[in-house]
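Hi,

Here's the structure I promised to pass on to you. Have a look at it first, and then read on for what turned up.

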Amino acid sequence: MSEGAGGPSRPFSIRGSRATVPTSGGAAEDETDAPRAALLPEDAVVDVQSEEALVHTTEVLEHLDRDLVGLGPVKARIREIGDLLVVDGLRRRFGIESSRPTLHMAFTGSPGTGKTTVALRMADLLHRLGYLAKGHLVSVTRDDLVGQYIGHTAPKTREVLKRAMGGVLFIDEAYYLYRQDNERDYGQETIEILLQVMENEREDLVVILAGYKDRMDEFFSSNPGMSSRIAHHIDFPDYDLDELVEIGALMLAQQRYELAPDAQQAFHDYLDRRMGQPRFANARSVRNALERARLRQAARIVAEARQDLRKADLMRIHAADILQSRVFDDDATIGETESTG
């Protein structure tokens, strides 16, 4: 049940975090306080690559390639959005007026497929292109937005929106905002406020809704007003085995670890087994597995009490550090929790 039942919803508005627009020199200026950059003459020519360099869009997209393994369709869609905004900026410089692109998005896919990382890069990209004043990311779930009693939800939601203004609001498992089977649920109040803000404040805020695809489809079916405000639906596929192995190598390199030759096959076999068990969470499960391998490596080094320990020994994870996982037990319970793997 909406907290606002019994009367019309009060319009919600937050001002003060206006988006910025790039000037011809690449610097961002406030739309409300700064004069517009001089329009280019009709016969002017522009260098698209130079324009991209001024706002560093290529740099952001290269970071995305380095940070995330695979996800080819996702990266292609993000590049398309970046290209649209670059061209939109060029059109403005020639005085070609058009409506501001709608940038609210839905990210669907399993846990651990890079949705939050892509949202971070998207916030950075939109800031560099002048579509967001700050370019920060505020990540929340239902508990951050919905209250537990009458009069509690609206202030919680408004406080989150205030923090997110000028950036991206990332709502994970957004379908939990709406509980159709509970008429006294206060999530509808949050949805009503979000709908107003996504429409009226879209120059100051981009909302990204995330979650499993089937549940998000049900959520949009039950909330057509929300669906109509989402311009970009991006599906994040699960990683395959080779991609997970590559993700593991990347994570280890970032932490200054490496797999010994005998550990490489062991890690491959671990992931092959773990992928078939319930509650597998893609890159998140890879990270958890490597954290436990680090614990076993440390325990092994201390137990060995060697007097000739070298730097390389502290960086190297051996097969034994992986094969001790219960995932390799023939009688291990399928779907055991991450903490026991």
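Let's start with phenylalanine 236: its relative accessibility is 2%, so it counts as buried, the cut-off being under 20%. Keep in mind that this is a predicted model.

Who does phenylalanine 236 pair up with? By the ring-pairing rule there are four aromatic pairs in total. In one of them, phenylalanine 236 partners phenylalanine 107; the ring centres are 5.0 Å apart and the planes sit at 50°, which makes the pair tilted. The two come from distant parts of the chain, 129 residues apart: phenylalanine 107 is in strand β3 (residues 105–109) and phenylalanine 236 is in strand β7 (residues 232–236). Phenylalanine 107 is buried too, because its relative accessibility is 0%.

Another pair is tyrosine 270 with phenylalanine 328. Their planes are also at 50°, with 6.2 Å between the centres, so this one is tilted as well. Here the partners are 58 residues apart, with tyrosine 270 in helix α11 (residues 261–274) and phenylalanine 328 in the segment after α14 (319–323). Both tyrosine 270 and phenylalanine 328 are buried.

Now for some helices. The axes of α2 (residues 57–67) and α3 (residues 72–93) come within 11 Å and cross at roughly 170°. Because angles over 145 degrees count as roughly antiparallel, that is what α2 is to α3. On the α2 side, the contact uses Thr57, Leu61, Leu64 and Asp65, while α3 brings Lys75, Ile78, Arg79 and Val86. Sorted by class, that contact has four nonpolar, three charged and one polar residue.

Cheers

Technical notes. Residues numbered from 1 in each chain as written. Predicted model: local features only at pLDDT ≥ 70, side-chain atom pairs only at ≥ 80, totals over all residues. Heavy atoms only, no water. Axes fitted to C-alpha atoms, helices over the stretch in contact; angles between N-to-C directions. Helix = DSSP H or I, 4+ residues; strand = E, 2+ residues; numbered from the N terminus. Parallel < 35°, antiparallel > 145°, perpendicular 65-115°, else oblique. Contact = heavy atoms within 4.5 Å. Nonpolar A, V, L, I, M, F, W, Y, C, P; charged D, E, K, R; others polar. Phe/Tyr/Trp six-rings, centres within 6.5 Å; stacked < 30°, edge-to-face > 60°. Buried < 20%, exposed > 50% of the residue type's maximum accessible area, 1.4 Å probe, protein only.
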